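Please walk through this structure with an eye on how its parts pack together.

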Amino acid sequence: MAELLFEALAVPACLMANSSLLALCSTGALSGLAVEAGAGVCHATPVYAGHSWHKATLRLDVGGSALSRYLRELLAAAHPDLPVRALSRKAITQLKKRCCYVSQDFEGDLHDPGRHHPVSFPVGSGCSVHLSHERFRCPEPIFQPTLLGQDESGLAALTFQALQKMPSTLRARLANTVVLAGGSTLFPGFPERLHLELEAQCRRHGYPALQPRLVATPERGTAVWTGGSMVASLHSFQRGWMTQAMYQECGCRLVHEVFN
């Protein structure tokens, strides 16, 4: 990245910051637990006093792109006669963003057709797509990756495990500021489900005193960008960056020294 910026784009200076820290900065916090769910992956990252704890950072290889593919498979299975244009990438993305939501009781909703809340969504050229249980099945792999054939813990369990890796003296403080970030956290019901499962994880593993408090702003889809703009506006910003002259003198190895 530094090579691209300095050699190809000839920028005068740059600063590389962890996305989890920027997500926290967007809410005005420097300590907390950043839970990011984006297009490619999800991360749970503890941050204390402005520093990310890499050894406690956990990753889930499920993101918005995987959910879109999953929704396409669900719709193709339910409606084999759907025209190809109805299942285009653009149409699937629109369906996912406008129609899908996170269930608070997945198994109960799945086995009770009266709780499916079906809708029809127009995708152009007089064609509509009918969605029923697909609406809440689409985002479920974030909480149950086994639905995609992945033998991993869901995001709530991952978040708790990240918290558990921190020193016991910091856990309560970090749990008090669990910041959601990324486009895949925007599903209706996502914050409520994560909070419900995170509390259950705390009780199940003997931490009933931990009371997670989620911070889910309406703008959390662009929280990292917002945090970046806030950091860049600080007077101390220039003291932390790496200049073109520094790069020319020391090369790429300096990136790890400056930003680690």
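A nonpolar core is a set of buried Ala, Val, Leu, Ile, Met, Phe, Trp, Tyr and Cys residues joined through side-chain atoms within 4.5 Å. Buried means under 20% relative accessible area, exposed over 50%, and partly exposed in between, with a 1.4 Å probe and protein chains only. This is a predicted model, in which local features need pLDDT of at least 70 and side-chain atom pairs count only at pLDDT 80 or more, while totals for chains, interfaces and linings use all residues. Residues are numbered from 1 along each chain as its sequence is written, and side-chain values use heavy atoms, leaving out hydrogens and water.

The largest nonpolar core has 48 residues. L95, L155, F190 and L194 have the most contacts inside it. Its largest share, six residues, comes from helix α7 (residues 155-164). Helices (H or I, at least four residues) and strands (E, at least two) are DSSP runs, numbered from the N terminus. A second, separate core of eleven residues includes A29, V179, V231 and F237.

Return to L155. Contact means heavy atoms within 4.5 Å. Not counting residues up to four places away in sequence, L155 touches V35, C42, L60, I142, F143, F190 and L194.

Next comes helix α3, residues 64-78. Its expected span is 1.5 Å times one less than its number of residues. For 15 residues that gives 21 Å, and the end C-alpha atoms are 21 Å apart, so the two agree. G64, A66, L67, S68, Y70, L71, L74 and L75 are buried in α3. The buried residues of this helix pack against α4 (89-99), β7 (127-131) and α6.

Now the aromatic rings. Rings of Phe, Tyr and Trp (its six-membered ring) pair if their centres lie within 6.5 Å; planes under 30 degrees apart count as stacked, over 60 as edge-to-face and the rest as tilted. The structure holds six such pairs. One of them, F106 with F136, is edge-to-face, at 5.9 Å centre to centre and 80° between the planes. This pair links distant parts of the chain: F106 lies in helix α5 (residues 106-110) and F136 in helix α6 (residues 134-137), 30 residues apart. Both F106 and F136 are buried. Ring pairs join Y101, F106 and F136 into a cluster.
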